[in-house]
Amino acid sequence: MASSSTILKLLAISFLLNVCVASRAIPNSLAEDTQQTQLMKYHNGALLRGRISVNLISYGKFTPSQRAIVADFITSLSDSSPPQSNPSVAAWWKKLEKYYHIASSKEQSLSLHLNNQILDDSYSIGKSLTEKHIVDLASKGEQINAINVVLTASDVAVDGFCRNRCGSHRSKSSAVNGKNQKFAYIWVGNSEAQCPGYCAWPFHQPIYGPQSPPLIAPNNDVGIDGMVINLSALLAGTATNPFGNGFYQGTADAPLEAATACPGVYAKGAYPGYAGDLLVEKSSGASYNAHGVNGRKYVLPAIHDPSTSECSTLV
């Protein structure tokens, strides 16, 4: 699986889209129309299927409420989760089913469930991490039928973070019961203190492109709500392109995946610098487009529809 980071310039607004097989787009703007209408090609590789556990590895200082925001999001992805109002996080996740229908005539899909939550709040390997450190942290989770998600706190520096990526997803080979297997892992950083205009838009003024007032974050936490946007896009890419030979546009070393192919699109009416006509909570003024469990609300990216080559939103 390719592991290099590529900076893709999106038009004259100098907005960066990192694609590290694949990192979530920095969504200050939309890609040009021709980019959005490229075909999402299937490269005949494996997709994640069946019941997959998600293990959260939180590195650094996270409050219990911050960890709960992310955990509730993962729980919300499943149809078997507690009922959610519409539009729902579970409905957003079901948009990926078209990819599975294209890849196979068999009735197969992916179901995620929250498994272990591991907390390393003592900064056991320091506050400046390399990709090897991320792999080591990801390896603390289960390595069979799992996606291990590493979340780094706002005071942790990671190679490439805030320069050309907000997060990434990759895979790692490991020996399990004498057999060589691959497991998928994701890393996402909390950008609130380091680069909120780069990785937490639309909840902060963007660094590049058209300037518009930031939206109020649905869980009142710019860094964590931004992390959920990043994480959701990376989960979509992990599901449909886990090993670099699944669904993507462009080249293998700079792929646009299920969500990163729709940068900056969160609702209908989106245009450069405007996330779209999101729903607004009357009492708080917070913007959202998806309901989750425990009364949570989230902003989630559009999913590229492989059958129409359009960006599909919940609202």
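User: In this predicted model, are Glu131 and Arg165 buried or exposed?

Analyst: Both count as buried: Glu131 is buried, and Arg165 is as well. The cut-off for buried is under 20% relative accessible area.

User: What do Glu131 and Arg165 form, and how far apart are the closest N and O atoms?

Analyst: A salt bridge is read from the distance between a side-chain nitrogen of Lys or Arg and a carboxyl oxygen of Asp or Glu, which must be within 4 Å. Here Glu131 and Arg165 form a salt bridge, with 3.4 Å between the closest N and O atoms. Glu131 belongs to helix 5 (residues 131-138), while Arg165 sits in the loop between strand 8 (157-158) and strand 9 (167-176), so this pair ties together parts that are 34 residues apart in sequence.

User: How many salt bridges does this rule give?

Analyst: The count comes to nine salt bridges. One of them joins the side chains of Arg296 and Asp72, at 2.9 Å from N to O. This pair links distant parts of the chain, 224 residues apart: Asp72 is in helix 2 (residues 64-76), and Arg296 is in the loop between strand 15 (290-291) and strand 16 (297-298). Arg296 and Asp72 are both buried.

User: With which residue does Lys297 form a salt bridge?

Analyst: The partner of Lys297 is Glu281, and their closest N and O atoms are 3.2 Å apart. Lys297 lies in strand 16, whereas Glu281 lies in the loop between strand 13 (279-280) and strand 14 (287-288), 16 residues apart.

User: Why does Lys297 count as buried?

Analyst: Lys297 counts as buried because its relative accessibility is 18%. Glu281 has a relative accessibility of 24%, and therefore counts as partly exposed.

User: Which residues do salt bridges that share partners join into one network?

Analyst: Glu131, Arg165 and Arg170 are joined in this way.

User: Turning to nonpolar packing, which residues of the largest nonpolar core touch the most other members?

Analyst: A nonpolar core is read as a set of buried nonpolar residues joined through their side-chain atoms. The largest such core has 66 residues, and those touching the most other members are Phe73, Leu77, Trp93, Leu112, Ile147, Leu231 and Leu235. Helix 7 (residues 222-240) supplies the largest share of this core, nine residues. A second, separate core has ten residues, among them Phe203, Ala217, Tyr266 and Ala267.

User: Leaving aside neighbours within four places in sequence, which residues is Phe73 in contact with?

Analyst: With those neighbours set aside, the contacts of Phe73 are Val89, Val228, Leu231, Ser232, Leu235, Tyr298 and Leu300.

Terms used. Residues numbered from 1 in each chain as written. Predicted model: local features only at pLDDT ≥ 70, side-chain atom pairs only at ≥ 80, totals over all residues. Heavy atoms only, no water. Core = buried A, V, L, I, M, F, W, Y, C linked by side-chain atoms within 4.5 Å. Buried < 20%, exposed > 50% of the residue type's maximum accessible area, 1.4 Å probe, protein only. Helix = DSSP H or I, 4+ residues; strand = E, 2+ residues; numbered from the N terminus. Contact = heavy atoms within 4.5 Å.
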